[in-house]
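My entries follow in the order in which I checked them.

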Amino acid sequence: MRHNTKKFRRFKIISCHLGNGSSITAVKNSKAVETSMGLSPLGGIMMGTRSGSLDPSVILRIAELDSLNLDEINKILNKQSGLLGISGVGSDDREILKAENNGNELAKLSHEMMVYQIVQYIGAYTAVLQGLDVLIFTGGIGENQWVHRENICKNLSFMGIEIDDELNKTMVSGKGGRISKKESKIDVFVIPTNEELSIARDTLELLKNNNLI
């Protein structure tokens with residue numbers, strides 16, 4: 001499928017911003033209608049060191065077993081959980097992937113858990129949107145770890161997603177573009193992010209709207 005910008009605005013889109021911090025967003029008619037992030041960046045899928053969403057009883061149980069105070073619990077949830085907590089390797093996904101390729105079973109488990117949770121959110125948000133036209137991967141992991149994109153998309157093949165495996169492998173290191181096959185029912189893109197530029201533009205707009213510049 002080929003789409004012009006005007007039509008693209010009317011699409012049902014799920015954007016997977018995957019990195020040391022991650023969020024998944026459902027977009028309909030150019031407006032975000034759902035996001036995995038909650039009150040803080042801690043919610044949603046597991047991340048580099050963040051736990052992601054948990055049953056609140058888990059927190060109470062940990063506090064009870066280890067006699068932890070709120071500051072200690074906060075440190076565990078934000079700094080010692082996620083990929084780091086499961087793999088025991090670190091929070092850098094490149095190091096975890098290297099460990100997995102060297103036979104580290106906990107590193108492999110951490111990636112399996114991450115992919116599973118991402119697929120869960122994509123499935124849920126497809127239901128929220130009542131369909132899906134475009135799936136986007138962005139962020140440090142989303143842009144550079146082709147193996148995770150491959151595993152996620154293979155788990156979504158029942159939706160009609162078909163990616164070009166060879167093209168997917170080349171879409172790293174700042175390269176962006178379509179990685180789905182022409183016959184894929186859902187278009188899949190890798191889109192490099194520029195968070196600093198977005199923040200700068202939003203700040204400039206805010207300053208102008210408040211007559212501060």
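This is a predicted model: local features need pLDDT of at least 70, side-chain atom pairs count only at pLDDT 80 or more; totals for chains, interfaces and linings use all residues.

Residues are numbered from 1 along each chain as its sequence is written, and side-chain values use heavy atoms, with hydrogens and water left out.

**Entry on H5.** I looked up Asp93 and found it in helix H5, residues 93–101; helices are DSSP runs of H or I with at least four residues, numbered from the N terminus. The buried residues of H5 are Asp93, Ile96, Leu97 and Ala99, and they lie on the same side of H5 because they cover an arc of only 160 degrees around the axis, taken from the directions from the helix axis to the C-beta atoms. The face turned away from that buried side carries the exposed residues Arg94, Lys98 and Asn101. I then checked what the buried residues of H5 pack against, and noted helices H4 (82–87), H6 (105–129), H7 (139–144) and H8 (146–154), where contact means heavy atoms within 4.5 Å.

**Entry on Asp93.** Which side chain makes a polar contact with the side chain of Asp93? I found that of His111, at 2.7 Å; such a contact is a pair of N or O atoms within 3.5 Å, and within protein one must be able to donate a hydrogen and the other to accept it, with residues adjacent in sequence counting only if both atoms are side-chain atoms.

**Entry on the cysteines.** I searched the whole structure for disulfides and found zero, a disulfide being a pair of cysteine sulfur atoms within 2.5 Å. The sulfur of Cys16 has its closest cysteine sulfur in Cys153, 8.6 Å away, which is too far for a bond. Cys16 is buried at a relative accessible area of 0%, and Cys153 is buried as well, at 2%.

**Entry on charged pairs.** I counted five salt bridges, each a side-chain nitrogen of Lys or Arg within 4 Å of a carboxyl oxygen of Asp or Glu. Among them, Asp165 and Lys154 meet at 3.9 Å, N to O, and this pair links distant parts of the chain, with Asp165 in helix H9 (residues 165–170) and Lys154 in helix H8, eleven residues apart. Lys154 is partly exposed at 47%, whereas Asp187 and Arg178, which meet in a salt bridge at 3.3 Å, N to O, are both buried.

Key
Helices (H or I, at least four residues) and strands (E, at least two) are DSSP runs, numbered from the N terminus. Buried means under 20% relative accessible area, exposed over 50%, partly exposed in between (1.4 Å probe, protein chains only).
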